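Here is a short briefing on charge pairs and strand pairing. Keep the sequence and the 3D view open as you read.

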Amino acid sequence: METPEDRFFGELGGAYAEIRQAFARHVGMSAPRLRVLMWLWRDGETSHSDLRRALSLDGASITRLIKEFETEGLISRRIDPEDNRYTLARLTPAGARAAAELTRSHQTYQVRLLDGVTAEEQEIVLRALARVCANVNRIEHDPQDR
C-alpha cells in the first residue's frame, strides 16, 4: 500500500526525471550527451575519470561521448601533463557556443514549464524542499536517527 510519503517522493523523483528527459528531447540531444556538454561548460577541463564519477556514467560511455563530440568539433582532448594515465576533455570554442545556446534554451524552457505556476506556489515548493534537505542533514548527523 502506497503511503503519502511514498507518493510524495515518487512524484518528486518522477517529475525531476521527466523534466530532464523532456528537455533533452526538446533540444534533440540524449540526456548523457547534454550532461557531459553542460558539465564541461560549468566546470571547464575535466578528466574522463572525473566525468565518469560526477555523472555516474561508465567509462566506455564517457569515452564514446567524448569521441563523438570531438568528431563534431565540440570537444578537444589531451593527455594530462601531470599524469599521463589520464585524458582531459574541454570544450572547443564551437562547444562553448553550443553550451551557451543550450543554457539559453534551458532558461526559456524553464519559464515555459512554470507557466501557470504562481510565484507563491513556487515558494511553497522551495520551502518544502529546503525543509526536506534540512531533515536529511539532521538525520545524517543525529546518532538517535540511525
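A network of salt bridges links R33, R64, E68 and E72. The model is predicted. By the salt-bridge rule used here, the count comes to 9.

- E68 and R33 meet through their side chains in a salt bridge, at 3.0 Å from N to O.
- This pair links distant parts of the chain: E68 lies in helix α4 (residues 59–71) and R33 in helix α2 (residues 31–43), 35 residues apart.
- R33 is buried, because its relative accessible area of 15% is under 20%.
- E68 counts as partly exposed, at 28% relative accessibility.

**Other salt bridges**
- E45 pairs with R78, and their closest N and O atoms are 2.8 Å apart.
- Here too the pair links distant parts of the chain, with E45 in the loop between α2 and β1 and R78 in strand β2, 33 residues apart.
- E45 is partly exposed at 31% relative accessible area, and R78 is partly exposed at 35%.
- E101 and R104 form a salt bridge of 3.1 Å, N to O.
- E101 and R104 are 3 residues apart in helix α5 (residues 93–113), so about one helical turn separates them.

**Sheet**
- The open sheet has 3 strands in the order β1-β3-β2, with antiparallel pairing.
- β1 (46–47) and β2 (75–79) are the edge strands, each pairing on one side only.
- β2 and β3 (residues 87–91) pair over 5 bridges.
- S76 has R90 in β3 as its bridge partner.

**Negative patch**
- E2, E5, D6 and E11 form a negative surface patch.
- E2 sits in the segment before α1 (4–27) and is exposed, at 56% relative accessibility.

Key: Residues are numbered from 1 along each chain as its sequence is written. This is a predicted model: local features need pLDDT of at least 70, side-chain atom pairs count only at pLDDT 80 or more; totals for chains, interfaces and linings use all residues. Side-chain values use heavy atoms; hydrogens and water are left out. Patches are made of residues with over 30% relative accessible area and no salt bridge: like charges are joined within 9 Å, nonpolar side chains (Val, Leu, Ile, Met, Phe, Trp, Tyr) within 5 Å. Accessible areas come from the Shrake-Rupley method with a 1.4 Å probe; for residues, only the protein chains shown count as cover. A salt bridge is a side-chain nitrogen of Lys or Arg within 4 Å of a carboxyl oxygen of Asp or Glu. Lys and Arg count as positive and Asp and Glu as negative; His and the chain ends are not counted. The place of a charge is taken as NZ of Lys, CZ of Arg, CG of Asp or CD of Glu. Helices (H or I, at least four residues) and strands (E, at least two) are DSSP runs, numbered from the N terminus. Buried means under 20% relative accessible area, exposed over 50%, partly exposed in between (1.4 Å probe, protein chains only). Two strands pair if DSSP finds at least two bridges between them.
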